[in-house]
Amino acid sequence: MLDLNLPKNSYVFLCKHLEEGIYQVPAVFASDVLKRNTDSLRCAVENDVFDSLPQDSLLNELEMGD
């Protein structure tokens with residue numbers, strides 16, 4: 001999907017965060033973050049610039065069955 005020849009303003013990322021027991025899901029527009037025409041959308045996603053990757057801090061606890 002990131003290899004499609006679409007303008008950056010076509011991409012919106014949703015970021016789910018838990019704040020005070022309530023999930024907030026703000027939208028992050030790629031065009032708001034990537035200002036230059038030379039900015040790579042693929043590199044931004046791989047480097048989690050949009051803060052959209054799942055939180056993996058509890059994976060070890062889940063794997064251990066705690």
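The model is predicted: local features need pLDDT of at least 70, side-chain atom pairs count only at pLDDT 80 or more, and totals for chains, interfaces and linings use all residues. Residues are numbered from 1 along each chain as its sequence is written, and side-chain values use heavy atoms, with hydrogens and water left out. The protein has three helices and four strands. Helices (H or I, at least four residues) and strands (E, at least two) are DSSP runs, numbered from the N terminus.

**Overall layout**

- Along the sequence, the pattern reads β-β-β-β-α-α-α.
- The protein has 66 residues, and 15% of them count as buried. Buried means under 20% relative accessible area, exposed means over 50%, and partly exposed lies in between (1.4 Å probe, protein chains only).
- The accessible surface is about 5,600 Å². Carbon and sulfur atoms hold 52% of that surface. These areas come from the Shrake-Rupley method with a 1.4 Å probe, and for residues only the protein chains shown count as cover.
- Take the contacts in the protein with a separation of 6 or more: 32% of them join residues 24 or more positions apart. Contact means heavy atoms within 4.5 Å.

**The nonpolar core**

- The largest nonpolar core has seven residues: Y11, F13, A30, L34, L41, A44 and F50. Such a core is a set of buried Ala, Val, Leu, Ile, Met, Phe, Trp, Tyr and Cys residues joined through side-chain atoms within 4.5 Å.
- F13 belongs to this core. Setting aside neighbours within four places in sequence, F13 contacts P26, A27, V28, A30, L41, V45, F50 and S52.

**Around strand β4**

- A27 is found in strand β4, residues 27–29. A27 counts as partly exposed because its relative accessibility is 41%.
- Beyond its neighbours within four places in sequence, A27 contacts V12, F13 and L14. A27 and V12 are 15 residues apart along the chain, and their C-alpha atoms are separated by 6.4 Å.
- P26 sits in the loop between β3 (22–24) and β4. At 37% relative accessibility, P26 is partly exposed.
- Not counting residues up to four places away in sequence, P26 touches F13, L14, C15 and H17. P26 and L14 are twelve residues apart along the chain, with 5.9 Å between their C-alpha atoms.

**Charged side chains**

- Side chains of opposite charge can pair when their charged atoms come close.
- The structure holds two salt bridges. A salt bridge is a side-chain nitrogen of Lys or Arg within 4 Å of a carboxyl oxygen of Asp or Glu.
- One of them joins D39 and R36, at 2.7 Å from N to O. D39 is buried at 15% relative accessibility, whereas R36 is exposed at 56%.
- R42 forms a salt bridge with E46, with the closest N and O atoms 3.9 Å apart. R42 and E46 are four residues apart in helix α2 (residues 41–46), so about one helical turn separates them.
- R42 is partly exposed at 33% relative accessibility. E46 is exposed, with a relative accessible area of 55%.
- K8 lies in the segment before β1 (12–14). K8 is buried but has no salt bridge. The nearest side chain of opposite charge is D39, 5.4 Å away. Lys and Arg count as positive and Asp and Glu as negative, while His and the chain ends are not counted.
- Leaving out residues up to four places away in sequence, K8 touches A30, S31, L34, R36, N37, T38 and D39.

**Cysteines**

- A disulfide is a covalent bond between the sulfur atoms of two cysteines.
- The whole structure has zero disulfides. The cut-off is a pair of cysteine sulfur atoms within 2.5 Å.
- C15 is buried, with a relative accessible area of 3%. C43 is partly exposed at 40% relative accessibility.

**Positive phi angles**

- Most residues other than glycine have a negative phi.
- E20 is not a glycine, yet its phi is positive, about 55 degrees. E20 lies in the loop between β2 (17–19) and β3. E20 is exposed, at 82% relative accessibility.
- D48 also has a positive phi, near 55 degrees. D48 is in the loop between α2 and α3 (59–64). D48 is partly exposed, with a relative accessible area of 24%.
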